[in-house]
Amino acid sequence: MPHALRFDDRAPWGTYAPPPRVRARLQACHRLAAGGRVAQRFAHLVRRPVKYGVHTPLDVEVWGLRLRLMPRGNIAETKMLFAPMRADADELRLLDERLQPGATFVDVGANAGLYSLHVLARLRERVRVIAVEPDPEMRRRLAFNVAANGLTTIELCPTALSDHDGTATLLVNPAQRGENTLQAGEAARAGGDRDAVEVPVTTLLALLRAHGVERVDALKIDIEGHEPPVLRHFFAHAPDALLPALAITEFKADTADEIGALFASRGYRLRRRTTLNWVFERPR
């Protein structure tokens with residue numbers, strides 16, 4: 001059983017620099033991940049001693065940023081650590097194409113900041129990022145990496161989103177924080193021991209208005225099955241001016257039909273399907 005990991009947000013970046021053998025394995029993983037399917041499978045073998053044998057965070061450079069990442073326990077950090085060039089590559093490539101200086105990007109379910117940090121790495125202070133993350137632990141990790149890079153145009157929002165204002169129970173999976181959810185059924189399906197964390201809840205529309213957002217150039221929403229209530233309320237009440245030009249949403253078998261219908265109701269067309277996400281576009 002792997003040791004429990006603790007994220008240190010006090011020691012300066014560089015404290016957990018990978019030792020030579022670990023660094024060599026990380027470099028090999030990056031090379032292999034850029035190859036074909038056979039090479040990618042081999043990369044999983046190469047990374048195992050790091051993923052399960054390292055019991056501290058690791059300080060690495062990804063996309064030109066200084067990041068502190070956990071080797072296990074959160075899929076987004078695992079992607080950034082072992083295969084950053086393949087992490088949601090289609091989605092991030094689209095954001096690179098669409099987000100220009102002066103853009104606003106809203107990241108709902110920011111987690112470790114895979115999307116937010118990638119956008120900031122490219123545009124720095126020329127983009128505004130609204131990162132929504134209700135899990136205090138994931139928000140703490142993201143805040144460390146934001147501070148380590150002097151990123152000043154990202155706003156971390158300590159709330160969950162739904163179709164109402166109030167509080168809700170976030171079901172946290174400490175062994176895989178990418179599976180945190182407000183949906184009890186989704187938590188049961190994904191499995192794992194859960195910690196019940198009470199978190200504030202608001203709507204996407206209320207959040208945007210509270211932050212003075214007047215235009216959304218791109219939205220990413222990945223909140224483990226709770227997308228429909230958020231989108232249902234938003235599309236029922238948001239003015240056209242606040243509808244994102246590009247939207248990336250996770251979908252599951254039991255949410256796909258409703259998500260597609262909700263986007264269609266406000267004039268979106270499906271631009272692309274990836275393994276885990278749909279990408280919708282709305283002509284301006």
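The dialogue below takes up helix pairs and a sheet.

Reply: This is a predicted model, in which local features need pLDDT of at least 70, side-chain atom pairs count only at pLDDT 80 or more, and totals for chains, interfaces and linings use all residues. Residues are numbered from 1 along each chain as its sequence is written, and side-chain values use heavy atoms, with hydrogens and water left out.

Me: At what angle do the axes of helix 1 and helix 2 cross?

Reply: Two packed helices are described by the angle between their axes and the distance between the axes. Here helix 1 (residues 20-33) and helix 2 (residues 37-53) cross at roughly 165 degrees, their axes coming within 8 Å. Axes are lines fitted to C-alpha atoms, for helices over the stretch in contact, and angles run from 0 to 180 degrees between N-to-C directions. Helices (H or I, at least four residues) and strands (E, at least two) are DSSP runs, numbered from the N terminus.

Me: Which residues of helix 1 and helix 2 make the contact?

Reply: Contact means heavy atoms within 4.5 Å. Among the residues involved are Val 22, Leu 26 and Cys 29 of helix 1, and Phe 42, Val 46 and Val 50 of helix 2. The contact residues divide into 12 nonpolar, 1 polar and 2 charged (Ala, Val, Leu, Ile, Met, Phe, Trp, Tyr, Cys and Pro are nonpolar, Asp, Glu, Lys and Arg charged, the others, Gly among them, polar).

Me: How does the pair of helix 9 and helix 10 cross?

Reply: The axes of helix 9 (residues 227-237) and helix 10 come within 10 Å and cross at roughly 15 degrees. Helix 9 is therefore roughly parallel to helix 10. Leu 231 and Phe 235 in helix 9 are among the residues that meet a group in helix 10 including Ile 259 and Leu 262.

Me: In what order do the strands of the open sheet stand?

Reply: Two strands pair if DSSP finds at least two bridges between them. The 7 strands stand in the order 5-4-3-9-10-12-11, with mixed pairing. Strand 5 (154-157) and strand 11 (269-273) are at the edges, each with a single partner strand, so one side of each has no neighbour in the sheet. Strand 3 (residues 103-108) and strand 4 (residues 127-132) pair in the parallel sense over 6 bridges; Phe 105 has Val 129 in strand 4 as its bridge partner.

Me: Which strands does helix 10 lie across?

Reply: Helix 10 (residues 256-265) lies across strand 10 (246-250) and strand 12 (277-281), running at about 10 degrees to strand 12.

Notes. Parallel < 35°, antiparallel > 145°, perpendicular 65-115°, else oblique.
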